[in-house]
Structures are given as C-alpha cells and as structure tokens.
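Trainee: I am new to this structure. Please show me how to read a few of its features.

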Amino acid sequence: MTSGNSIWDRIALIRPLQHRNFRFLWLGSILSYLSGQLTMLAFPWLVLKLTGDPLAMGAVLAVSGIPRAIFMVVGGAMADRYSARSVMMWTSLVRFFLMLLLATLVYTQSVEMWMIFVVAFCFGTADAFYWPASTSILPKILPAEELPAGNSLQQGLGQLSQIVGPVIGGLIIAFFAASGPAAQTYAIADLLGISVAFFIDAGALLISFFAIGFIRMSEPPEVQGRLSFKSAFASIQEGLISAWEDPPIRMMALMFAFFSIFFRGPYIVGIPVLCDQRFVEGALSFGFIGSAFGVGALIGMILAGSLRKPPDHLLGMLIILDIVALGLGFIVYALAENIETMMLFSAVTGLTDGYMSVLVVSFIQLRVPGQLLGRVMSVIMLFNIGMLPISAAIAGGLIRVSLEGVFIGAGSIMIVMAVTMFSNTNLRRLGLPMNA
C-alpha cells in the first residue's frame with residue numbers, strides 16, 4: 001500500500017505504472033506502436049520505389065484496409081467474448097511472421113507486387129483483431145479514475161515510437177542506400193534499407209508478444225456457450241445496436257468516418273509522394289515529418305493525462321477544433337517549400353490530435369459497459385479506419401492529376417465541414433446536456 005506522500009499520489013500521470021499488468025501492457029503497446037511506425041514508413045516507400053506510382057500505393061493500402069474494416073467488429077466481439085490478452089498475443093505473433101517473411105523477400109530481391117498485396121491483406125486482417133482488444137483491455141486492469149492517465153501513458157509513450165520510428169526508418173534506408181556494401185547490387189538501392197527496417201519491425205512484434213504474455217488478468221473471461229456463426233452474429237449485432245443507439249457514440253463514429261475519408265487517405269498516400277518529389281532527402285524527409293507529428297502528439301497526450309479533464313459537453317467543440325487544425329495543416333503541406341515549415345505544422349496538428357485522442361478514448365471507456373466495450377470500440381474503429389481503403393485508392397488516383405490539389409481540396413473540405421458542425425448546437429455538444 002502506498003502512502004499519501006508517495007510519488008504515485010503526487011504525479012497523477014505516472015500512477016498507472018504502479019500496476020504490474022499495466023507495465024507489461026505499456027511495454028507491449030510501445031513495441032507494437034514502434035513496429036507500426038516502421039511499417040508506415042517502409043511499406044509505402046517500398047511500393048513507391050518498386051512502381052513509382054501513387055495509385056499502386058493507394059491500392060496496397062486499400063487492400064490492407066478492406067479486411068481491417070470487414071473483420072473489425074468480429075475482432076471486437078472476440079475481445080468481449082474471450083481474453084483480450086490472448087487476442088493481442090496471437091495477432092502479434094501472426095504479424096511478426098508476416099513482417100519476417102516480407103523482410104526476407106525484400107532482402108533476397110525476391111519481392112513482387114502480388115506478394116506485397118498478400119502480406120498487406122493478411123496484416124490488415126490481424127490488425128482488425130488486435131486493436132479492439134488493445135483498447136478494451138485497459139479498463140480491466142486499471143481503476144476508472146486512472147483511465148485518462150493510463151490512456152495518456154499508453155498512447156503518449158507510444159507516440160515516442162512515432163517520433164523515433166520514422167527517423168530511424170528514414171536513416172536506415174538512407175544509410176544503406178548511400179553507403180551499404182550491398183546497396184550497389186540492388187536495382188533500387190533503397191531496398192536494402194527497407195528490408196532492414198522490416199527485420200527490426202518483426203523483432204519489435206516478437207518482443208511485444210512476450211510482454212503481453214506476462215499480463216495476468218484477475219478474472220477469467222466469461223464465455224457463454226460454444227462460438228458459432230449465429231452466436232457471433234448476435235454478439236456483433238448487439239455491439240452495433242449499442243453504439244448506434246447512444247447519440248454521443250453515434251456522432252463520434254460519424255465524425256471519425258469523415259476524418260478517415262478526408263485525412264487518412266491523402267496523408268498516408270500523399271506525404272511519401274510529396275517527400276519523394278519535393279525534397280532531396282527522400283525517405284529521411286518523410287521520417288522527419290512523421291516524427292514532428294509524433295512530437296506534437298506526445299505533448300498533447302501528456303497534457304491530456306496531466307490537466308483537468310474538460311466537461312463532456314465540450315468534447316464535440318474540441319473535436320471540431322482538431323478537424324480545423326488538421327485541415328489547415330493540409331493546406332500548408334500543399335504550399336510549403338521547405339521541410340521546416342512542414343515539420344512545424346505537423347507538430348502543431350499532432351498536438352491537437354494527440355490531446356483529443358486521449359479524451360475521446362477515455363470518454364468511451366467510461367461510458368460504455370465493460371461487457372460491450374470491445375464491440376463498441378470496434379464499431380468506432382470501423383468508422384475511423386473503415387473508409388481508409390476507399391480514401392487511399394481515390395487519393396492515389398487524384399494525386400496523379402495534382403498532388404497539391406488533393407491536399408488543398410481535402411483540407412478545405414475539412415474546414416468547411418467543421419464550420420458546419422459548429423453551427424449545429426447538437427453536433428457541437430455531441431448530443432450531451434450541459435450538465436453531462
């Protein structure tokens with residue numbers, strides 16, 4: 001038992017770290033985030049270097065996003081029905097083998113585009129089960145009053161990987177392309193560095209698997225009868241109905257869908273193409289911009305875990321301000337002529353987005369009953385990333401016409417939509433009363 005003058009009581013942000021299970025979850029999450037950031041840099045860069053076609057990059061992202069969208073609600077049902085810990089463990093192991101396979105194919109110069117499509121599809125399927133479980137497990141290992149700090153630590157320190165990961169990935173690719181002894185044997189010099197990034201990615205996922213395995217849940221999951229198609233469908237339906245009948249959750253889901261369409265696709269496809277075309281640093285500039293966003297997001301998440309939580313009825317207004325900031329950032333990307341300006345605005349938009357991500361996740365975790373949390377979170381994630389395949393494919397095609405036009409168009413639409421939402425009192429408050 002800790003005393004009232006202990007460090008845990010004095011600093012609210014680090015209080016969750018006194019729990020053994022959270023420490024292992026935190027470690028596993030950081031490694032998974034690091035793996036994700038290396039993948040986010042190396043994967044599109046690989047496709048871009050193999051094809052030189054932004055449409056091909058959009059198609060690969062779409063292929064990974066389709067199973068993620070289709071199976072997301074199934075993953076949420078699995079996390080509620082069985083152990084979220086087990087779901088996280090085994091999907092981490094599957095992703096490890098996929099990254100190890102891709103790294104080997106790239107290193108041996110055996111990789112072909114059809115192989116990339118297959119790996120992308122399988123990786124997206126594994127993600128669909130991992131992420132709902134990773135969100136639903138936190139309320140089971142932390143008391144309710146520590147959830148904002150827990151989310152801030154888990155997501156915030158995970159953002160360290162977004163700061164470190166892209167820079168490491170960019171440095172690896174740049175180093176091996178420039179001076180690696182085997183680099184000259186490649187038709188595309190960057191492939192050697194890309195393969196090394198994938199090997200590191202695989203190693204992080206393997207360690208994450210063991211870290212999550214050390215979590216010990218106090219209560220075994222409740223399993224109600226044998227799993228069948230009928231019972232699985234009924235479980236998914238219950239989660240969908242619960243999410244849709246709750247006005248704030250429904251409004252958040254629709255806002256996330258809008259965000260996914262107009263931000264995620266243009267960002268994921270457009271930034272690598274912009275860096276390749278505009279900056280001589282290539283992959284390294286891509287890494288710097290991603291890291292700048294991560295620095296801002298980390299600061300925002302630390303603030304969200306440390307400052308007093310704003311009233312729930314202000315959450316909609318804060319989401320609207322976040323959308324405005326991201327839209328303005330897109331317009332700056334289109335017009336900026338140097339990497340420093342892009343990094344500055346990436347950091348600012350990262351700050352607003354990081355702050356909001358902690359508040360939104362904590363709000364949902366406290367509002368939704370524990371037995372439904374995995375399924376409701378999967379619905380939110382479905383709307384958040386389910387539109388990514390369509391968005392990425394469209395962005396890849398439009399970038400062929402005008403890269404700057406895609407950023408200006410998407411940014412302007414986000415700003416106009418935010419102003420429209422602000423003019424509606426119900427949307428601005430997410431349907432919550434003033435005394436919520």
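Mentor: We will take aromatic pairs, then one threonine, then a surface patch.

Mentor: This is a predicted model: local features need pLDDT of at least 70, side-chain atom pairs count only at pLDDT 80 or more, and totals for chains, interfaces and linings use all residues. Residues are numbered from 1 along each chain as its sequence is written, and side-chain values use heavy atoms, without hydrogens and water.

Trainee: How many aromatic pairs are there?

Mentor: A pair of aromatic rings is described by the distance of the centres and the angle of the planes. Rings of Phe, Tyr and Trp (its six-membered ring) pair if their centres lie within 6.5 Å; planes under 30 degrees apart are stacked, over 60 edge-to-face, the rest tilted. The count here is 15 aromatic pairs. In one of them, F43 and F198 sit edge-to-face, 6.2 Å centre to centre with 75° between the planes. F43 is in helix 2 and F198 in helix 8, so the pair ties together parts 155 residues apart in sequence. Helices are DSSP runs (H or I, at least four residues), numbered from the N terminus.

Trainee: Is T349 buried or exposed?

Mentor: Buried means under 20% relative accessible area, exposed over 50%, partly exposed in between (1.4 Å probe, protein chains only). T349 is buried, at 3%. T349 lies in helix 13. A polar atom of its side chain is 2.9 Å from the backbone oxygen of F345.

Trainee: Which residues make the nonpolar surface patch?

Mentor: Like charges are joined within 9 Å, nonpolar side chains (Val, Leu, Ile, Met, Phe, Trp, Tyr) within 5 Å. Here V295, I299, L303, L307 and L351 make a patch of about 370 Å². Accessible areas come from the Shrake-Rupley method with a 1.4 Å probe; for residues, only the protein chains shown count as cover. Helix 11 gives the most, with three residues.

Notes: Patches are made of residues with over 30% relative accessible area and no salt bridge: like charges are joined within 9 Å, nonpolar side chains (Val, Leu, Ile, Met, Phe, Trp, Tyr) within 5 Å. A salt bridge is a side-chain nitrogen of Lys or Arg within 4 Å of a carboxyl oxygen of Asp or Glu. Helices (H or I, at least four residues) and strands (E, at least two) are DSSP runs, numbered from the N terminus. A polar contact is a pair of N or O atoms within 3.5 Å; within protein, one must be able to donate a hydrogen and the other to accept it, and residues adjacent in sequence count only if both atoms are side-chain atoms.
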